[in-house]
Amino acid sequence: MMNNLFSIFDPSTNLFNLPLNWISTFIGMLFIPLSFWFFPNRHYLLWNFISNKLHNEFKNLLGPNGINGSTLIFISLFFFILFNNFLGLFPYIFTSTSHLNMSLSLSLTLWLSFMIYGWLNNTQHMFIHMIPQGTPTILMPFMVLIETISNIIRPGTLAVRLTANMIAGHLLLTLLSNTGINMPNYLLIILITIQILLLILESAVAIIQSYVISILSTLYSSEVN
């Protein structure tokens, strides 16, 4: 049962032994028509409104020492994860963000770039960040160890947070859909109502997770400046 349940996350489309499911990672770009980029419309205005709100918030988090244009990276990350989370809610579309190799690749790349930049350009600041202000001398070695461990596990926690939330919602929807095969009509209506509510909840989770990953990545970036 568990094998069949989790098999919904397995890549299943192959051509010449190459998995084509990962193409769905970039399929969100197909939903943006060419007219969007050249002629202002309501979709463009909505996109522009969200982008400006995110830009202002990320700019405040990065502070005055933030690199010019760095907010574009995190806005792009937000929309990239958002597209993939939403597309995974549609039938027969592969959910790439429910796989650790996808989410860990994103988080590990960002974390490594922050660490390399910080240690090369702000070495003294990185050492100071290891010990919070006011720490007693006797606790300093332990604080360095704790801060180092918490720093190392950051990409893993980002990846697991995104993957676990995506998997949990899909498993709930799959379990409910499998139980409704032999149900009477009045119970089936209740089940469909619950599934619709769950789908709305999963849509909210898709937005929230995109926002959380982007905000945390921005905070990690601000710590190295």
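How many nonpolar, polar and charged residues does the lining of the second largest cavity have, by class? The lining has eight nonpolar, three polar and no charged residues, where Ala, Val, Leu, Ile, Met, Phe, Trp, Tyr, Cys and Pro count as nonpolar, Asp, Glu, Lys and Arg as charged, and the others, Gly among them, as polar.

Residues are numbered from 1 along each chain as its sequence is written, and side-chain values use heavy atoms, with hydrogens and water left out. The protein has an average pLDDT of 81, with 80% of the residues scoring at least 70. Among helices (DSSP runs of H or I, at least four residues) and strands (runs of E, at least two), numbered from the N terminus, confidence is lowest in strand β1 (residues 14-15), at a mean of 51, and highest in helix α5 (residues 100-121), at 90. Where pLDDT is low, the predicted coordinates should not be read in detail.

Two cavities of 30 Å³ or more were found in a search of the whole structure, a cavity being a set of points, on a 1 Å grid over the protein atoms alone, where a 1.4 Å probe fits but cannot get out, and lining residues having an atom within 4 Å of a point. Grid points are joined across faces, edges and corners, and a volume is the space filled by probe spheres set on the points.

The largest cavity holds about 90 Å³ of space. The elements that contribute two or more residues to its lining are α6 (123-129) and α7 (140-152), and the largest share, three residues, comes from α7. Its lining residues include M115, M126, E147, R154 and E223, and by class the lining has four nonpolar, three polar and three charged residues.

The second largest cavity holds about 70 Å³ of space, and its lining includes L77, S103, L106, L158 and I213. Two or more residues each are given to this lining by α4 (71-87), α5, α8 (154-179) and α9 (185-222), with α5 giving the most, four residues.

Helix α5 also gives the most to a nonpolar surface patch, with six residues. The patch, of about 620 Å², is made by L100, L104, L108, L112, I116, L120 and V160, of which L108 lies in helix α5.

Terms used
pLDDT = per-residue confidence, 0-100. 1 Å grid on protein atoms, 1.4 Å probe; cavity = no way out; pocket = protein on both sides within 12 Å on 5 of 7 lines; lining within 4 Å. Patch = residues over 30% accessible without salt bridge, like charges linked within 9 Å, V, L, I, M, F, W, Y side chains within 5 Å. Areas by Shrake-Rupley, 256 points an atom, 1.4 Å probe, with all protein chains shown as cover. Salt bridge = Lys/Arg side-chain N within 4 Å of Asp/Glu carboxyl O.
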